[in-house]
Amino acid sequence: MSKMIKGHSVRNNLTEWLSYLENLHSVEIELGLKRIAAVAKNLSIAFPTSTVITVAGTNGKGTTCAFLENAFLAQNLTCSVYSSPHIERFNERLRLNKCEVNDDALVSAFETIEGARGDISLTYYEYTTLAALLILTAEQPDVIILEVGLGGRLDATNIIDADVAVITTIDLDHQSFLGNTREAIGFEKAGIMRANKAVVVGDTNPPSSLAAHATDIGANPYYREQNFTIEQANNNTWHWRSSENAFSALNGCQVPQDNVATAIMVLQLLADKLMLSLNSGFLNQIIAETKVAGRMEKFSLDCDVILDVGHNPQAARYLASQLQQLNYPKVHAVLGMLADKDASNTITPLLSAVSHWYVGTLNVPRGREAKNIVESTQIDATKVNCFDNVSQAFRMAKQNAKATDLILVFGSFYTVAEIRRLLV
């Protein structure tokens, strides 16, 4: 990072700052834009020369962001991505031209925010979002991609007006904050839309609340199956079509194909503004290089290991479909989840695919005890063992799995982070 803001604080390093931020606000999650917007105004956060893309959705946000990032960088544009949560290092949350933000830049931004917030209390996520936006205000990259943390309408990223909004999928997750139906959740995610601006909807069956909100505010929606479609070919390739473009013979993806299709629509909408050159060859180049840590991430040890941060029913249904295609003789599932997740409906799609379950307690705030997970699901008692942590669960899975088997690690970012440290 080149242009950083100087400040002063008795907190000398990133670790000390993050510890401070964890205890700054009375609750971990408190949705709303009033607090963060007031501090952002004091900091003069603005992006007059950047194109801003905000990405919301129950699943698929990270992979959509990664595909777009690779595409913009390949066209010689500067591009930043802000996302959360991280898997291993906090610095992963903000990258510019694929370089993670360094500790000094974050500490400097935190110092400046501390001086600007006065008596306004900020959550950890609000504070760190402001830090990212402050750094990006200094950098002014050509493209800024903001991944929504939770919901959309009241998420901290929504203080920024997006040039293009993206909604990947809509399903049940975070119900205590977003509502108990797809209609309610759809309305919350629709809150990232802006009047007279494009919104790309990747969900093939979006709730009516989303379309209604687009109409009410005068947004310009582009829907999957209406404005853009995909078609599978017989040789593991696929075709993407809209009223303006057709890209044929696209190769198989290392990330969910649906998210790639959604990202291509975004690229088409910005092609003239950003002078993008799009063709099937270019898209296949980006398809080949796009993979994301913790999203169907494969390691080859004594047997294959796949890590996936999927933690809700929709993500589990996708995992089940992938396992069916991979066709391993046995699947050993290592699972750890947070207490506020729907364990029963997340595990159900995988019951027939998994040969044995190794369930570990997540020893983090909101972590769920392994025994509690098992008691709330339909897992066959003869196929499950419980452990004090997911590392123990993974070690037992390794002992039991044969060379031809698969170990699937899923259920939470925390689960994947703990096991990934053992593999890299």
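Two strands are taken to pair if DSSP finds at least two bridges between them, and the helices (H or I, at least four residues) and strands (E, at least two) are themselves DSSP runs, numbered from the N terminus. The structure is a predicted model, in which local features need pLDDT of at least 70 and side-chain atom pairs count only at pLDDT 80 or more, while totals for chains, interfaces and linings use all residues. Residues are numbered from 1 along each chain as its sequence is written, and side-chain values use heavy atoms, with hydrogens and water left out.

With these terms in hand, we can turn to the sheet. Strand β14 (residues 331–335) runs parallel to its partner β17 (residues 406–410), the two being joined over five bridges, and within this pairing Leu-335 stands opposite Phe-410 of β17. Both strands belong to an open sheet of six strands with mixed pairing, whose order is β12-β13-β17-β14-β15-β16. Because β12 (297–300) and β16 (384–387) stand at the edges, each has a single partner strand, and one side of each is left without a neighbour in the sheet. From one strand to the next the twist averages 20 degrees. Helix α15 (residues 413–420) packs on this sheet and touches β12, β13 (304–307) and β17, where contact means heavy atoms within 4.5 Å. The direction of α15 makes about 130 degrees with that of β17; axes here are lines fitted to C-alpha atoms, for helices over the stretch in contact, and angles run from 0 to 180 degrees between N-to-C directions.

The axes of α2 (residues 34–43) and α4 (residues 103–116) come within 9 Å and cross at roughly 105 degrees, which makes α2 roughly perpendicular to α4 (angles under 35 degrees count as roughly parallel, over 145 as roughly antiparallel, 65 to 115 as roughly perpendicular and the rest as oblique). Val-39, Asn-42 and Leu-43 of α2 make the contact with Thr-112, Ile-113 and Ala-116 of α4.

Trp-240 counts as buried at 0% relative accessibility, and Phe-247 is buried with a relative accessible area of 3%. Ring pairs also link Trp-17, Tyr-20, Phe-90, Phe-110, Tyr-124 and Tyr-127 into a cluster.

The peptide bond from Ser-84 to Pro-85 is cis, with omega near -10 degrees, and Pro-85 is found in the loop between β2 (79–82) and β3 (94–96). Gln-140, in the loop between α5 (124–139) and β5 (143–147), has a positive phi of about 50 degrees although it is not a glycine, and Gln-140 is partly exposed at 22% relative accessible area.

Methods: Buried < 20%, exposed > 50% of the residue type's maximum accessible area, 1.4 Å probe, protein only. Phe/Tyr/Trp six-rings, centres within 6.5 Å; stacked < 30°, edge-to-face > 60°.
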